[in-house]
Amino acid sequence: MEQEPKYARILVPVDGSRESLCAVRLAGEMARVMHATVYFLYVSPFDKRTDEGEVAWLPESVVRPAAEEAHEIFSASAALLPDVVMSERVHRTGVPADQILCFIDEEHIDLVVIGGRKHSRMSGFLLGSVTQTVLEHAHSSVMVAGSAD
């Protein structure tokens with residue numbers, strides 16, 4: 001009887017930043033070794049539903065079509081995965097930390113690999129941090145990927 005690997009489902013929240021791409025590379029290597037599936041989750045703050053009405057309240061320069069932005073981010077992320085790694089792409093709208101935490105529970109994610117921002121302790125405390133929130137509240141293992149610079 002073959003046992004499923006401990007980290008069969010790896011979540012990588014992506015936003016197109018250097019830090020998230022660093023997390024993609026790390027998760028890809030881990031997934032290759034563990035024969036895991038990588039889930040890319042992109043959370044946009046706005047989509048067409050959040051800008052309804054006769055007159056759009058946000059300029060086009062602020063709200064690009066969410067699907068277009070997500071596609072670009074997913075494509076850049078998928079290009080970094082080893083060919084043998086299976087992946088899935090999920091786009092949600094809302095508060096990133098909340099959506100990430102919900103996704104972890106809904107999809108029974110085993111491991112989250114998330115990019116870390118280089119902030120001082122004080123700026124992270126004052127500004128809040130998606131990474132910090134996920135570290136504190138996730139019901140799974142969390143690995144923070146740092147950039148190499």
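Analyst: In this predicted model, strand β1 is largely enclosed by the rest of the structure, because four of its five residues are buried. Buried here means under 20% relative accessible area.

Five strands form an open sheet in the order β3-β2-β1-β4-β5, with parallel pairing. The edges are taken by β3 (86–93) and β5 (141–145), each with a single partner strand, so one side of each has no neighbour in the sheet. From one strand to the next, the twist averages 25°. In that order β1 stands between β2 and β4, and the two pairings can be taken in turn.

On the β2 side, β1 and β2 run parallel and are joined by five bridges. Within this pairing, P13 stands opposite L41 in β2. The chain gets from β1 to β2 by way of α1, and this β-α-β crossover is right-handed.

On the β4 side, β1 (residues 9–13) and β4 (residues 111–115) also run parallel, joined by two bridges. Here I10 stands opposite L111 in β4, while the bridge partner of L11 is V112 in β4. As a general point, side chains in a regular strand alternate between the two faces of the sheet.

Most residues other than glycine have a negative phi. H35, in the loop between α1 (18–34) and β2, has instead a positive phi near 55°. With 69% relative accessibility, H35 counts as exposed, because the cut-off for that class is over 50%. The other case is H108, which is found in the loop between α3 (96–106) and β4. Its phi is also positive, at about 55°, although H108 is not a glycine. H108 counts as exposed too, at 60% relative accessibility. Both histidines are thus exposed, whereas four of the five residues of β1 are buried.

To return to the strand itself: β1 is bridged to β2 and to β4, and it is largely enclosed by the rest of the structure.

Key:
Residues numbered from 1 in each chain as written. Predicted model: local features only at pLDDT ≥ 70, side-chain atom pairs only at ≥ 80, totals over all residues. Heavy atoms only, no water. Pairing = 2+ DSSP bridges. Axes fitted to C-alpha atoms, helices over the stretch in contact; angles between N-to-C directions. Buried < 20%, exposed > 50% of the residue type's maximum accessible area, 1.4 Å probe, protein only. Right-handed = clockwise from strand over helix to strand, strands pointing away.
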